[in-house]
Amino acid sequence: MGALDVFRRVRYYSPMTQIILVGLVCFLCPGMFNALNGMGGGGQMDRTTSNNANTALYCTFIVFGILGGSIVNLFGVRWTIFGSGLTYALYSGSYIYLNHTANGAFTIAAGAILGIGAGILWAAQGMIMVSYPREEEKGKYIAIFWIIFNLGGVIGGILPFAINFHSEKDSLSDGVYIAFVVLECLGALMGLALAPPAKVVRNDGSSVVLVKYTSVGKETVGILKLFVNPMMLALLPMCFTSNFFYSYQFGPVNASIFTLRTRGFNNIFYWGAQMVGAYALSYLLDNQRMTRRTRGLVAFAIVAVFFNVIWGGTLKQQLKYTHGPLANGETTDYPGGLIDFLQHGRAAGPIILYMLYGVGDALYQNFAYWLIGSLTNDSQKLSRYAGFYKGIQSLGATVAWQLDAKSVSYLHQLIGNWVLLAISLVPMLYVVWTLKDHSEDAEAAAAAADEDAKAESADEYVEKQGESSVYV
C-alpha cells in the first residue's frame, strides 16, 4: 500500500478515522467501566451495592438504549457522546464515596444516571460502526473497534492488579477509582473530536449519510416500527441474552473464587482475549469468496459450538462449589480457598476458562453487530437498530444482575444462561438464513429527500429543517 493510500485511509473525514476515534472514546469510558465491573462488585468484596447499581443502570439503559438512536439522530454524535462519557466518570467516582461512607445510595443513583448516558453512547457507537464502512468491510471495522475498545478493559485490569498487588484489602483503593475517573473524563472530551456524520466520506467518494434531516415525529414513528419489524422481533432473544452472562462471569466466577489481585489479573486476559476473538472472526465475516448467508451460517455455527463448550466446562467447575466468599471475606467453599494466580497448579484451569469467556463474548457480540449491520445500510435505521439492540440487551442484564443480588444459587444462574443461549440460537439462525448479498440501502429515501428539497427554495428549506437537522 502506497503512502497516498495510507493518507487517504487516515484522513479526518474518513470512516476509518471516525471508527478509531469512537473506539478510543469507548476504550476510555465503557472500557474502564468494564474493567471495574469485571472485578466483581465494582472492586468491593460485598457485591450488594454494585449489583443494585447495575440493576438501576440497566433499567434506565433499557429506555434510553431504545430511544438513544433517535436522540443521536436529532442532536448529533459529538455532544451526545461527550455528555454520555461524563456519566461513566460520575459512576466510577461514586465508589470513592462508598469507600469512605459505606453508603451505597450515591453509587446506585450514579448507576441510574450512567444507564441514560450509556444508552445514548452505545446507540451512537453502533450507528458509526455498522453504517460507515462499505458492506464488504463491516466485519473488519467492527473488529477494529472491538480491539481498541477492549484494550481499555486490558489496561483497566492492569491498574487494579498493579496497585493492589501487595495489598491485603478487600476493596479497591481510592487511587484506582481516581485513575478511572481521570481516564473517563478524557474519553468524554474525545467525543468532541468526532466529525458530524454528514461530512464523513468513504474512500470511494460516497457519503455515509444519504438522508440529511429528521424530526421528532419521524423518530417516534421509527422507534414504534422497531416493535413490529419481523427481523428485530426475531433477534429479541439474541439481544436479551447478549450481556446476560456478565453478572455470572464477573460475580459467581471471578469475584467468588479468586483473590482481589487475581481478579484484576484475570481481566487483563478476559478483555485481551476479546481482541483476539474479534480479529479472528472479522476474516470470516468479510470473506468475499463466500456468500453473505454462507458466512453467516459458518459464524453462527462457531458461536453456537463455542458457547456450548465453555458452558460445559463451566458446569464442571461450578459443581465444585455453591457459594462465594463468606461474610468475613476470608474463605470460600471453593476447594482449597480463594485462588491466587501464583498457585499455578490450581489457577491454570479456572483462569484459562475465564479467558475463554472473553473469546466467547467477542464472537457473540461481533456476530450480533454484523448481523444487524447486514439488514440495512441506512444510517438512521442503523442508529435505531443499535439502540434497540442495546436496550433489549440491558433488559436482560437487569434481570441477570438482580438474580445475583437476590442470591440465586450459582448453579441456577449458570443453567439460566445456558437455556437462554439455546433459545436465542433458533431465531438467530432464521435471520441468518434470510440474509441477501446486498443490504437494503437508503438510495430510494435519499432520492425522495432530494426531490422534496428541490421543490422548496433554499431559504425555505433551511428555515424548515434547520432545527431538526439530523447532524448539527
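Predicted model: local features only at pLDDT ≥ 70, side-chain atom pairs only at ≥ 80, totals over all residues.
Begin by colouring the protein by pLDDT, for which the mean is 82, with 83% of the residues reaching 70 or more. Confidence is highest in helix H14 (residues 292-318), at a mean of 95, and lowest in helix H19 (residues 458-465), at 38.

Next, select Trp122, Phe145, Leu235, Met238, Tyr357, Phe367 and Leu371, the residues that touch the most other members of the largest nonpolar core, a set of 118 residues. Helix H15 (residues 344-373) supplies the largest share of this core, with 15 residues. Centre the view on Tyr357, whose contacts, leaving aside neighbours within four places in sequence, are Tyr248, Gln249, Val253, Tyr270, Ile310, Trp311 and Thr314.

For the surface, show Leu319, Leu411, Ile415, Val419 and Ile423, which form a nonpolar patch with about 430 Å² of accessible area together. Ile415 lies in helix H17 (residues 410-433) and is partly exposed, at a relative accessible area of 40%.

Finally, select Arg134, Glu136, Glu137 and Lys140, which are linked in a network of salt bridges. The side chain of Arg134 meets that of Glu136 at 2.8 Å, N to O, and that of Glu137 at 3.2 Å, while Lys140 and Glu137 have their closest N and O atoms 3.9 Å apart. Glu137 counts as buried, at 9% relative accessibility, whereas Arg134 is partly exposed at 26%, as are Glu136 at 34% and Lys140 at 30%.

Methods: Residues numbered from 1 in each chain as written. Heavy atoms only, no water. Core = buried A, V, L, I, M, F, W, Y, C linked by side-chain atoms within 4.5 Å. Buried < 20%, exposed > 50% of the residue type's maximum accessible area, 1.4 Å probe, protein only. Helix = DSSP H or I, 4+ residues; strand = E, 2+ residues; numbered from the N terminus. Contact = heavy atoms within 4.5 Å. Patch = residues over 30% accessible without salt bridge, like charges linked within 9 Å, V, L, I, M, F, W, Y side chains within 5 Å. Areas by Shrake-Rupley, 256 points an atom, 1.4 Å probe, with all protein chains shown as cover. Salt bridge = Lys/Arg side-chain N within 4 Å of Asp/Glu carboxyl O. pLDDT = per-residue confidence, 0-100.
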